[in-house]
Amino acid sequence: MSTMRITPEMNRFVVIHPLDDVAEQKCSSEGLGHIRMTHGVRISLRILRGYLVLMTLMLGYHVLDLAGVLQKLR
Amino acid sequence: MRLAESPITVATPRGVAVKHAWQKHLLGFLMVFGPGLIVMEADNDAGAVSTYMQAGGQYGLHLLWLLIVLLPICYFVQEMVARLGIATGKGHAAMIYERFGKWWGHFSLIDLLAVNFLTLITEFAAISLALSALGVSPYISVPVSAIGLTLMVVTGSYLRWERIVIVLCLMDLAWFVLAFIVHPGWVGVARSTVHPGMPAGGITSSLIFLVIAIVGTTIAPWQLFFQQSCVAEKRLRFADLKWARLDTLIGSIFTVCVAGAMMLVGNYGYQHGIVFQDPAQFANAVLPSLGHFARNALLLLMVNAAVLGTTAISLASAWAYGEVKGWEHSLHKKLWEAPGFYATYIGCVGAAAAIVLIPHVPLQLVIISVQVFAGVILPSAIIFLQLLLNDRELLGERWVNRPWNNYINWTIIIVLFALSLLLAAQVMLPNLFQ
């Protein structure tokens, strides 16, 4: 399961393509559930939510502006 | 950290025997090479050609330095993607679903699919525009391109697709030939590359918009999803990380150099007072002064950029959707072995091509929507990437970010957040900054 192998008796390196190599064990999330809500994760997701709310409000404002609703209110 | 056996196993590894260590390193690199170059160069798509040429056309060489600033940003972001892909063997969409739950998973996926689809429409619009300038009717060029793009992926071989796309990437070397043809004045180019200068007129709303557009076009959301899926598809191993990093670095340098060449070509318009709205218009305008070769090369490079963008973006969508749905999602599979995956790819390509053929499609609205969606998705996708790269439970100490990684990446995220917000604000509230 390595990229290169040394064959000592022939004093050669054997380079194996990733697609031809045997599979290796990867880091798996199986059984881990959701990410642990540390302080950093919680703050990051809150900022992201705030950002999305702000974007939604701006989009709403733009739609109302395009529809001429804001001009009527003014 | 838990280790899972990958479902794909190969009983007898085949290899290539070499005598010298340098041959081993070179061959090892060449076997891994591909995803980094493709993800970077495909980002120089039709929209990017237009943006970089406009930057040159409106501000000459003044914005060249920005590309040098963007080079490490591109590398650091995509290096994280490659590392995560190698460590988990899974795509970005699947990881967001598994670690952040369905709500964030659906949000990321739907946003990605929407922005990708709208971008595809602009790619086909560019193909139609460029080939119309060469005398080919859109009713021929667009369907033929869509069929060609489909045939590229349905061969049942990832490597075949990868080789075709690498050749397309290398065709972008022709941008350097064009840059030499337009004689930009190399001393000025060298100076502007390392020394940020203020364009005549100072900081204007249009300049800010263009700067943000350059940043947005150089780092696109689909790139995160694409490279991670590509790395998983190629089954890169832990030992391949150093080569994957080199691949990503080469891709970053190449794409920034090509982007610079596009700006130099656009700069020809700035020097000679040629005003243009799109690269095809520019190509026609320079015909009398630069000749047929330059004009045709420009138009064909525009098509190449659109084709590269289309295949990579459609695959990013198909991989992401397939991962989340739990379908077979691999280019190693035949058409009938992964029907949902291929149907997504073909559906995206076919629908975007069909929309372009509808008369009077509001392309301007599509372009604005792309900018807004990209503004929404890029910061969120990067936040998830950064959080995943700090997920010790999943990755263990070996693969998580080092403190210096985090300092750099959080800085990049804050800057991208601010720029994305500014871009979206400027697109949605055009009078805000006046």
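How many residues does the contact take from chain B and from chain A? In this predicted model, local features need pLDDT of at least 70 and side-chain atom pairs count only at pLDDT 80 or more, whereas totals for chains, interfaces and linings use all residues. Residues are numbered from 1 along each chain as its sequence is written, and chains are lettered from A and ligands numbered from 1 in the order in which they are written.

The contact (C-beta atoms, placed from the backbone, within 7 Å) takes 52 residues from chain B and 38 residues from chain A. Elements that give two or more residues to the chain B side include strand 1 (2-5), strand 2 (15-18), helix 1 and helix 5 (92-133); helices (H or I, at least four residues) and strands (E, at least two) are DSSP runs, numbered from the N terminus. Strand 2 (residues 12-16) of chain A pairs with strand 2 of chain B in the antiparallel sense over four bridges, pairing requiring at least two DSSP bridges. Val14(A) stands opposite Ala17(B).

Helix 1 (residues 21-32) of chain B has buried residues Lys24(B), Leu27(B), Gly28(B), Met31(B) and Val32(B); a residue is buried if 20 or more other C-beta atoms lie within 10 Å of its own. Seen down the helix axis, these residues fall within an arc of 130° (directions from the axis to the C-beta atoms), so they line one face of the helix. Just after helix 1 of chain B, Gly34(B) takes a positive phi of about 150°.

Conventions. A residue is buried if 20 or more other C-beta atoms lie within 10 Å of its own, exposed if 12 or fewer, and partly exposed in between; C-beta atoms are placed from the backbone. Two residues are in contact if their C-beta atoms, placed from the backbone, lie within 7 Å.
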